[in-house]
Amino acid sequence: MEYLSKNLGLYNLHMIKNDNFKQTIVRVTFRGKENKDEITIRNFLESMIVYSSKKYNTRRKMLLKEEELYSAIIYSDSNRIGNFYETSFGLISLDDKYTEKGNFEKALEFFIDMIKHPNVSDGKFDSKSFNIIMNKVVLYLTSKKEDKDSYSIERLYEEMGKDSPISYRDGYIEDLNSITRESLFNYYKKFVEESDIDIYVVGAIDFEVIDPMIRKYFKPNTYRKRKDGFIIEHKKRRLKKIKVIEHDNIAQSKLNLGFKMYNMSIREKEYPLVLYNIILGGGSDSKLFKEVREEKSLCYYIYSVCNDYDSTMRISAGISKDSFNECLKIINKDVKDMEKGLFTDEDLEKAKEIYISYLNNIYDSEENIINMYSTIGLLGTDDIETRKKKIKTVTKDDIISVAKKISLDTIYLLEGVK
């Protein structure tokens, strides 16, 4: 695998050559400082852009064009990374040797044109497409509470983060009233002009072909301001933990514990924290799974997950209503045991093996490869081969050190009344 990055002034071009794939993925990522008031309209815009374009002004025309390009796939995705948003548009296209000469360039032209020329007339987005997307967004936002797992996690972060980006949802139904076809186009111009832009291309590519091809079709009207400060830092530990219990007409209660990390470096998150999470709640060999689920049968599922950008850890479990107190007691014990170093050398070596296996699997997915290079670019983390070497040097004391920098902040229970 070969990697080449170029700063082209208004955007960065990242080219990754990997001959193991029959398709090429192009991802154009727009990134900027998160603003709660813009989340709903930005996600609305994301859906509008991939639904239709100026040239292919109906969904049917878009799909027929994708089919004509040997079933090219257009997709989009939005995430929050710490203090910033990240909205991406992607193209998946078969290599020319599996289709016909020039097919990839045609697909790229179609894809970039979709981003550059949305379905707009007289300064307004197309009314038919707008109404269709509006109905979809309304349905999505109003039905979110039906997914009790996602809802309970959202509620945890709302209580845990308050006005911090940690607490932000991916859309608010009350904000839809202010979105018009005209305001959406005005936001589109702001979005393109003010976002940092990175383009990733991965596949069996030739750098000398891809570079001028991207330059030919992608000429954004933007002013580039490279930004820092992606990571959310927590200053003071909460003296009194927040405990929130809500009720719902469900059988299985949803328990979520929110932890904050304090004064933890990128390198600590990149190495000992990863192993800490694997040992604590990262799989079926973890302390939480063995003790809470297998030995005590107190939950239907349980796991822990860390967010490096938010400097948080979450422990989630599906439990019965009556097992809340005992389940919480054992979870707290397991977390404290990690601080005391009450895990074996075998646990540590097993966690290292699991992580190295995960790193090897990154090579199997073009999306994972892009995500890896994106993280390297934003946080300055190491590449895969360096990580494989350094993870082997992590000691028990390193893990104990990061364990002491993690503190329980919020307990949220969505209690089932059935």
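Modeller: **The core and its surroundings**

In this predicted model, the largest nonpolar core has 58 residues. Those with the most contacts inside the core are Leu255, Leu257, Tyr276, Val292, Ile315, Ile331 and Ile399. Taking Tyr276 as an example, and leaving out residues up to four places away in sequence, its contacts are Met313, Val335, Met338, Ile399, Val402, Ala403 and Ile406. There is also a second, separate core of 54 residues, with Phe110, Phe111, Phe207 and Met213 among its members. As a general background, nonpolar side chains tend to be buried together in soluble globular proteins.

Next, the sheet. Five strands form an open sheet with mixed pairing, in the order β9-β13-β10-β12-β11. At its edges are β9 (242-248) and β11, each of which pairs on one side only. Neighbouring strands here are turned by 15 degrees against each other on average, direction ignored. Cys299 is bridged to Ile319 of β12. β11 and β12 form a hairpin with four residues between them, and Ser311 in the turn has a positive phi of about 55 degrees.

Helix α9 (residues 272-281) lies across β10 (253-261), β11, β12 and β13, and runs at about 175 degrees to β11.

Lys269 is found in helix α8 (residues 266-270). With a relative accessible area of 3%, Lys269 counts as buried, because the cut-off for that is under 20%. Beyond its neighbours within four places in sequence, Lys269 is in contact with Ile231, Met261, Met264, Val274, Asp308 and Ser311. Lys269 and Asn307 are 38 residues apart in sequence, and their C-alpha atoms are 9.2 Å apart in space.

A helix pair comes next. The axes of α12 (residues 345-362) and α14 (residues 384-391) come within 10 Å and cross at roughly 175 degrees, so α12 is roughly antiparallel to α14. On the α12 side the contact is made by Lys352, Tyr355, Ile356, Leu359, Asn360 and Ile362, and on the α14 side by Ile384, Arg387, Lys388 and Ile391. By class, this contact has six nonpolar, one polar and three charged residues.

Elsewhere in the chain, an open sheet of six strands has the order β1-β2-β8-β3-β5-β4, again with mixed pairing. β1 (2-7) and β4 (73-81) stand at the edges with a single partner strand each, so one side of each is left without a neighbour in the sheet. In this sheet, neighbouring strands are turned by 15 degrees against each other on average, direction ignored. Seven bridges link β3 (residues 23-33) to β8 (residues 196-203) in the antiparallel sense, and Arg31 has Asp196 of β8 as its bridge partner. Helix α6 (residues 181-194) packs on this sheet, touching β3, β5 (84-94) and β8, and its direction makes about 90 degrees with that of β5. Helix α7 (residues 207-217) lies across β1, β2 (12-17) and β8, running at about 150 degrees to β2.

Methods: Residues numbered from 1 in each chain as written. Predicted model: local features only at pLDDT ≥ 70, side-chain atom pairs only at ≥ 80, totals over all residues. Heavy atoms only, no water. Pairing = 2+ DSSP bridges. Helix = DSSP H or I, 4+ residues; strand = E, 2+ residues; numbered from the N terminus. Axes fitted to C-alpha atoms, helices over the stretch in contact; angles between N-to-C directions. Contact = heavy atoms within 4.5 Å. Core = buried A, V, L, I, M, F, W, Y, C linked by side-chain atoms within 4.5 Å. Buried < 20%, exposed > 50% of the residue type's maximum accessible area, 1.4 Å probe, protein only. Parallel < 35°, antiparallel > 145°, perpendicular 65-115°, else oblique. Nonpolar A, V, L, I, M, F, W, Y, C, P; charged D, E, K, R; others polar.
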